[in-house]
Amino acid sequence: MDAAYALGWTVVRKMPERAARLAFAALADRTWHGHGSGVRQLERNLCRVLGKDAVDDEVRVLSKKVLRSYFRYWLEVFRLPEYDRERILGGMRVTGEKKIFSNLDAGRGVVLALPHMGNYEHAGAWLVHCGYPFTTVAERLRPESLYDRFVEFREGLGMEVLAHKGASAFGRMARRLRAGRPVCLVVDRDLTATGVDVEFFGATARMPAVAAALALQTGAALIPVTLWYEGEYWGARVHEEIPVPGQGSRQEKIQAMTQEMARVFQEGIAAHPEDWHMLQKVWVEDLAEAPR
């Protein structure tokens with residue numbers, strides 16, 4: 001697997017762009033036709049989004065679009081180190097970004113919470129080029145060399161990358177936020193044993209509590225962002241800040257804030273379902289066979 005990613009960041013990175021896009025679109029279609037476990041789970045997820053009981057032609061057509069979008073994301077990951085500042089900034093179509101900048105310019109940290117939508121790596125590079133380098137976490141991958149490649153890639157874009165190590169990473173992110181810096185987290189799928197259950201497209205899903213917990217503990221602004229593709233460009237919407245509830249226990253506040261984050265994600269995904277790259281289990285019903 002590491003060799004395949006190494007190939008991506010060497011050969012694919014240098015290929016003529018048109019040829020690379022055609023190749024990745026063909027790979028996407030081949031993966032879709034193969035209808036493996038990831039595609040089947042994607043279609044189960046899309047059934048939730050569309051309010052359907054079973055996969056039908058509409059779901060299949062949509063899943064093909066998602067695969068095209070997902071493989072475009074990977075193509076752009078491999079080629080992003082070649083993009084210059086003008087292309088990264090000029091290609092973004094963002095609304096509501098002043099909500100981020102005004103908080104940071106006032107010295108207040110910001111937790112930017114994102115789902116697996118569009119190209120959040122490009123969005124991160126955009127934020128860095130706007131003058132706001134940020135901190136994020138990376139899931140530990142095997143082999144270790146693959147994890148190192150992803151860290152090197154993201155650090156090369158100007159991000160600070162922390163290993164996904166629970167309390168240690170949480171403490172360092174909290175320090176960055178108290179210093180008035182941004183933290184960016186992709187949080188529509190729980191990777192820990194500390195996730196909270198939320199209502200998501202009419203059923204119970206499990207999402208990480210970390211974004212709400214960081215905002216609650218540090219006083220940082222919790223701001224969701226949803227992403228999508230607009231033709232050759234990259235779209236993003238910076239949503240309203242999620243406030244800390246005035247009453248309730250710490251856990252109740254985290255629950256309420258995470259639920260509101262899920263509601264905002266639902267709104268963004270419903271608007272751009274073809275750009276939600278979720279080929280894993282999210283809903284509790286699908287996770288039932290795994291330990292909590």
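**Stop 1: Arg79**

Select Arg79, which belongs to helix 4, residues 57–79. The model on the screen is predicted. Is Arg79 buried or exposed? Arg79 is buried, yet this residue has no salt bridge. Its nearest side chain of opposite charge is that of Glu17, at 4.1 Å.

Next, display what surrounds Arg79. With neighbours within four places in sequence set aside, Arg79 is in contact with Val12, Arg13, Lys14, Met15, Pro16, Glu17 and Ala20. Keep Glu17 and Arg13 in view, as both return below.

**Stop 2: the network that includes Glu17**

Select Glu17 together with Arg21, Arg72, Glu76 and Arg87. A network of salt bridges links these five residues: Glu17, Arg21, Arg72, Glu76 and Arg87. How many salt bridges are counted in the model? The count comes to 21.

**Stop 3: Arg13 and Glu82**

Now select Arg13 and Glu82. Their side chains meet in a salt bridge, with a distance of 2.6 Å from N to O. The pair links distant parts of the chain: Arg13 is in helix 1 (residues 2–14), whereas Glu82 is in the loop between helix 4 and helix 5 (85–90), and 69 residues separate the two. Arg13 has a relative accessible area of 26% and is therefore partly exposed. Glu82 is likewise partly exposed, with a relative accessible area of 36%.

**Stop 4: helix 3 against helix 4**

Select residues 37–50, which form helix 3, and show helix 4 beside them. At what angle do helix 3 and helix 4 pack? The angle is about 115°, and the axes of the two helices are 9 Å apart. The crossing of helix 3 and helix 4 is right-handed.

To view the contact itself, select the following residues:

- from helix 3: Val39, Leu42, Glu43, Leu46, Cys47 and Leu50;
- from helix 4: Glu58, Val59, Arg60, Leu62, Ser63, Val66 and Leu67.

Of the residues in this contact, nine are nonpolar, one is polar and three are charged.

**Stop 5: Arg60 and Glu43**

Remain at this contact and select Arg60 and Glu43. The side chains of Arg60 and Glu43 form a salt bridge of 2.6 Å, N to O. This pair links distant parts of the chain, with Arg60 in helix 4 and Glu43 in helix 3, 17 residues apart. Why does Glu43 count as buried? Its relative accessibility is 2%, and buried means under 20%.

**Stop 6: Arg48 and Glu285**

Follow helix 3 to Arg48 and then select Glu285. The side chains of Arg48 and Glu285 meet in a salt bridge of 2.7 Å, N to O. Arg48 lies in helix 3 and Glu285 in helix 12 (residues 284–287), so the pair ties together parts that are 237 residues apart in sequence. Arg48 is partly exposed, with a relative accessible area of 23%, whereas Glu285 counts as exposed at 55% relative accessibility.

**Stop 7: Val94**

Finally, select Val94, which is placed in strand 1 (residues 92–95). Val94 has 19% relative accessibility and therefore counts as buried, the limit being under 20%. Which residues are in contact with Val94, apart from neighbours within four places in sequence? They are Trp126, Ala236 and Val238.

Val94 and Ala174 are 80 residues apart along the chain, and their C-alpha atoms are separated by 27 Å.

Conventions. Residues are numbered from 1 along each chain as its sequence is written. This is a predicted model: local features need pLDDT of at least 70, side-chain atom pairs count only at pLDDT 80 or more; totals for chains, interfaces and linings use all residues. Side-chain values use heavy atoms; hydrogens and water are left out. Helices (H or I, at least four residues) and strands (E, at least two) are DSSP runs, numbered from the N terminus. Buried means under 20% relative accessible area, exposed over 50%, partly exposed in between (1.4 Å probe, protein chains only). Lys and Arg count as positive and Asp and Glu as negative; His and the chain ends are not counted. A salt bridge is a side-chain nitrogen of Lys or Arg within 4 Å of a carboxyl oxygen of Asp or Glu. Contact means heavy atoms within 4.5 Å. Axes are lines fitted to C-alpha atoms, for helices over the stretch in contact, and angles run from 0 to 180 degrees between N-to-C directions. A crossing is left-handed if the near helix is turned anticlockwise from the far one by less than a right angle, and right-handed if clockwise. Ala, Val, Leu, Ile, Met, Phe, Trp, Tyr, Cys and Pro count as nonpolar, Asp, Glu, Lys and Arg as charged, and the others, Gly among them, as polar.
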